[in-house]
Amino acid sequence: MSKPSRKLSQPNITAWLNKKPRGSPSAATTNTPEPDPVVIKPPEIRELQGGTGTLTYYPRYFTKEQADRYLEYLEENLEWKRYPIKMFGKVVQQPRTIAYIGDKQYTYSGLTLGPTAWDPVVKEIANSLEDTLELPRDYFNFVLCNRYTSGAEYMGYHSDNESSLGERPIIASTSFGQARPFFFQHKLDKSLKIEYHLEHGSTLVMSGLTQKYWKHALPKRPSALYQTRINLTFRKVFH
Ligand SMILES: O=C(O)CCC(=O)C(=O)O
């Protein structure tokens, strides 16, 4: 991956995203407020031990207002379902609901998804990420979307190391809603651990050999005061 650009490309927010939030007074009766100024913190780049990968975290890839809109849109417009997957030879229900979008088929844990038509808003986010990361337009051809409606919903340790993603996949993971911890553990030296707190509107890019040498997980959390979290992982499926 080329060095991430510090000048972030903001998506051309669609008409849907520009409409006023539900329950707010109509624009005809009020002065329409200016949207939040785009205040993007620069990315934090972490080169992992001995060339075992790169993590690039954009704590505020989207403003709070944009992220609120995306969260509401994704919740309402994607087709969220719970699917059975194979874990250690057993078929189990995923402890979260998922949706997917992409031009390609993608298989993981015995589950084959896609292809399916792009949602225009998800495409807009994909194109924004491609511009920011200086990747070719339409580089990302599959998006796995995970939704967690309580702290009891989670994702166990795994790596996205399917051969279909290539040796050094670039995976951009954008989060909306409830902020949650996200853990990495080195596969060979289990004492090596990294923790992120994935914020509403943030993006974490995993690249280089991260999937080969590290596992990642979104652990369970106490459910009190819990809001829905939606995470989109943008991937390139080669075959
Ligand atoms: O929800 C998350 O942040 C975890 C996503 C993830 O690990 C994956 O899709 O492989």
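Y148 is buried, because 24 other C-beta atoms lie within 10 Å; a residue counts as buried if 20 or more other C-beta atoms lie within 10 Å of its own, as exposed if 12 or fewer do, and as partly exposed in between, with C-beta atoms placed from the backbone. The model is predicted, so local features need pLDDT of at least 70 and side-chain atom pairs count only at pLDDT 80 or more, while totals for chains, interfaces and linings use all residues. Residues are numbered from 1 along each chain as its sequence is written.

Y148 is found in strand β8, and R235 lies in strand β15; helices (H or I, at least four residues) and strands (E, at least two) are DSSP runs, numbered from the N terminus.

| Residue | C-beta neighbours within 10 Å | Contacts |
|---|---|---|
| Y148 | 24 | R96, E153, T228 and R229 |
| R235 | 24 | F140, F142, L144, L165, P169 and I171 |

Both residues fall under the "binding site" annotation of an unreviewed UniProt entry, which also covers N146, H158, H216, R229 and T233; UniProt positions are given in the numbering used here, feature names are shortened, and annotations may be inferred rather than shown by experiment.

Seven strands form an open sheet in the order β1-β2-β13-β10-β15-β8-β5, with antiparallel pairing, where two strands pair if DSSP finds at least two bridges between them. β1 (44–47) and β5 (97–102) stand at the edges with a single partner strand each, so one side of each is left without a neighbour in the sheet. Within this sheet, β10 (residues 171–177) and β13 (residues 202–207) pair in the antiparallel sense over five bridges, and S173 has L204 in β13 as its bridge partner.

Helix α2 (residues 64–77) lies across β10 and β15 (229–235), running at about 95° to β10; axes are lines fitted to C-alpha atoms, for helices over the stretch in contact, and angles run from 0 to 180 degrees between N-to-C directions. Helix α3 (residues 120–132) packs on the sheet and touches β5, β8 (142–148), β10, β13 and β15, its direction making about 60° with that of β15.

The largest nonpolar core has 39 residues, of which A126, L129, V143, C145, L204 and F234 touch the most other members; such a core is a set of buried Ala, Val, Leu, Ile, Met, Phe, Trp, Tyr and Cys residues joined through C-beta atoms within 7 Å.

Technical notes:
Two residues are in contact if their C-beta atoms, placed from the backbone, lie within 7 Å. Lists of a residue's contacts leave out its neighbours within four places in sequence.
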